[in-house]
Amino acid sequence: MSGLRYVYAICRPFDAALQAQVTGVDGAPPGQLSHHGLIAVVGTVPEQDFAEEPLRRHLEDLDWLSATARAHQAVIDALTAVTTPLPLRLATVFRDDAGVRAMMEERENSFRRTLDRLDGRVEWGVKIHAEAEAAGPAQEPEKAASGRDYLRQRRRRNRAHEEMWESAEKFAHRLHGLLCENAEDARLHPPQNSALSKQSGRNVLNASYLVPRSESETFAELVEGVKGEESVLRVELTGPWAAYSFAGLEGDGDDAADGAAGEAGP
C-alpha cells in the first residue's frame, strides 16, 4: 500500500483554487474526496510514520510535531481563504478512501449543521497581557530606615500591583463586552501560562470571537483602536482563522476534531 489517507478538514464544494505553493503534511499537495455533497480535504502520508505505533512515538518528538502542525495549519489557512472549512484534529488518518467516506457517512448530519452555522464566518483571537513590572515605582525603592518603613513600602508596592491588576481586569471586561457586541459568538479560554507561551506579563484575557467574514475589517479596527489606551497592557489580535473554537458538532457534545478522527491501525 502506498500510504494512508490524512484528512485536514471537511467543507462544502468550492471552485476557487488553493494557493499553488501550498503543500501539506509530508510535502504532499492536498486533494479532495467527495461524498454526498461534502468534501474531505485529504493527502497521502507514509504508513511508517502515521500508523498507530509510529505516530504515537512521533507525537513525543517536538520537532516532528511542530513541523507536522505547521504543514497541517498551512492547508487549513489556504482553505480558510476560499471557503469555510471544518478542521479536523492533527494527524487524523484512515487506511484508505473507503475509511474516509465511512467517517463522512457516519457524521454527515453533524457536519452539515456545523458547516451551515459557520458558513461565511471566521475566528479572531484577542489576548491582553499586563506587565507586572509596570505596577512598581520607576525608581529604585528607598532603603528602609526601620522595620516599620520596610513594611510600609512593601504594603505600598502590593497595593500598586493590586490596583494595576484590577484596572487590567476591568479593561479586559470592557473590551470583551464590546467585542461580543460585534461578534456572533465568543469563547473565553483559560489564561495562558507565560512560561509555556513565552509571552511576557500576565494574561488577563484569552478569547476567540466568531465574526462574519464581511465584518472582519470593522472588528479588527475595533481592537486596533484600543491599543495604547492602557500603557501597561499589551493587546494582541490574531486571525482570521478557521473557526476552531466554534466547530463543536451540534448534538454530539464533542468537537469536530475529536468526533471525526479515524485510526490507521488494523
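**View A. The largest cavity.** The largest cavity comes in at about 40 Å³, with volume taken as the space filled by probe spheres set on grid points joined across faces, edges and corners. A cavity here is a set of points on a 1 Å grid over the protein atoms alone where a 1.4 Å probe fits but cannot get out, and lining residues have an atom within 4 Å of a point. This is a predicted model, where local features need pLDDT of at least 70, side-chain atom pairs count only at pLDDT 80 or more, and totals for chains, interfaces and linings use all residues. Numbering runs from 1 along each chain as its sequence is written, and side-chain values use heavy atoms, with hydrogens and water left out. Among the lining residues are Thr80, Arg121, Arg213 and Trp241.

**View B. The largest pocket.** For the largest pocket, the volume is about 370 Å³; a pocket is an open set of points with protein on both sides within 12 Å along at least five of seven lines. Its lining consists of Ser66, Ala69, Arg70, His72, Gln73, Leu88, Leu90 and Tyr244.

**View C. Helix 3, end to end.**

**View D. The N-terminal cap.** Asp61 caps helix 3 at the N-terminal end, with a side-chain oxygen 3.1 Å from the backbone nitrogen of Asp63.

Technical notes:
Polar contact = N/O pair within 3.5 Å; in protein donor to acceptor, adjacent residues only side chain to side chain. Helix = DSSP H or I, 4+ residues; strand = E, 2+ residues; numbered from the N terminus.
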